[in-house]
Amino acid sequence: MKIIYPGSFDPITLGHLDIVERISKKFDEVYIAILSNYKKQSLFTVDERIKIIEEACKDFNNVKVVAFSGLLVDFAKSIDCKLIARGLREVSDYEKEVQMALMNRALDNDMETLFLVSNAKYSFVSSSIIKEVISFGGDVESFVPEAAYKMLKIKYLNK
Ligand code: PNS
């Protein structure tokens with residue numbers, strides 16, 4: 001069975017990677033799907049995000065990294081997938097996530113969303129907080145995969 005793990009991944013964090021590892025054990029194929037035409041201003045280009053994620057996921061042999069634009073349900077249909085994975089960190093994620101899951105099911109009645117409770121170790125980690133911390137000189141090495149850390153250092157610290 002296939003599952004899509006969609007997101008902005010700007011950049012992927014160890015919290016995201018933990019979800020990827022868990023779903024890669026339970027499903028035959030995992031599609032990490034990066035939204036490419038998002039309203040949010042992104043730090044990394046889609047190609048940079050693909051490269052980072054591919055490097056971070058190189059040990060998972062059933063994981064594919066793809067970009068999509070438009071509606072998630074349309075992309076899911078195009079690869080014949082009916083299941084979306086999303087991580088839930090704090091209670092504050094719940095409202096937005098349930099709204100998205102309900103909208104996706106309203107758009108396609110067969111579409112299910114599987115919520116995974118994030119690893120407690122990373123429940124406070126988000127791509128935005130990582131960018132904020134490193135932009136003010138804080139150390140984020142222990143919260144992102146090595147490939148993401150390398151690219152963050154290039155963007156923020158010119159290293
Ligand atoms: O990592 P994010 O930013 O929380 O991911 C949000 C994402 C990309 C999963 C969501 O915005 C999305 O699926 N957008 C595609 C457009 C769409 O289908 N919108 C309607 C359902 S929310």
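Colleague: How far is an oxygen atom of the ligand from an N or O atom in the side chain of S8?

Modeller: The distance is 2.5 Å, within the polar-contact limit (a pair of N or O atoms within 3.5 Å). This is a predicted model, in which local features need pLDDT of at least 70 and side-chain atom pairs count only at pLDDT 80 or more, while totals for chains, interfaces and linings use all residues. Residues are numbered from 1 along each chain as its sequence is written, and side-chain values use heavy atoms, with hydrogens and water left out.

Colleague: What about K96 and L72?

Modeller: The side chain of K96 has an N or O atom 3.0 Å from an oxygen atom of the ligand. For L72, a backbone N or O atom lies 2.8 Å from a ligand oxygen.

Colleague: How many residues surround the ligand?

Modeller: There are 14, and the closest are S8, L72, R86, K96 and N104; a residue is included if one of its heavy atoms lies within 4 Å.

Colleague: Changing topic, how do helices α5 and α6 pack?

Modeller: Helix α5 (residues 127-135) and helix α6 (residues 146-157) pack at about 50°, with axes 10 Å apart. Helices here are DSSP runs of H or I, at least four residues, numbered from the N terminus. Axes are lines fitted to C-alpha atoms over the stretch in contact, and angles run from 0 to 180 degrees between N-to-C directions.

Colleague: Which residues make that contact?

Modeller: I130, K131, I134 and S135 of α5 and L152, K153, Y156 and L157 of α6 make the contact, meaning heavy atoms within 4.5 Å.

Conventions:
Helix = DSSP H or I, 4+ residues; strand = E, 2+ residues; numbered from the N terminus. Polar contact = N/O pair within 3.5 Å; in protein donor to acceptor, adjacent residues only side chain to side chain.
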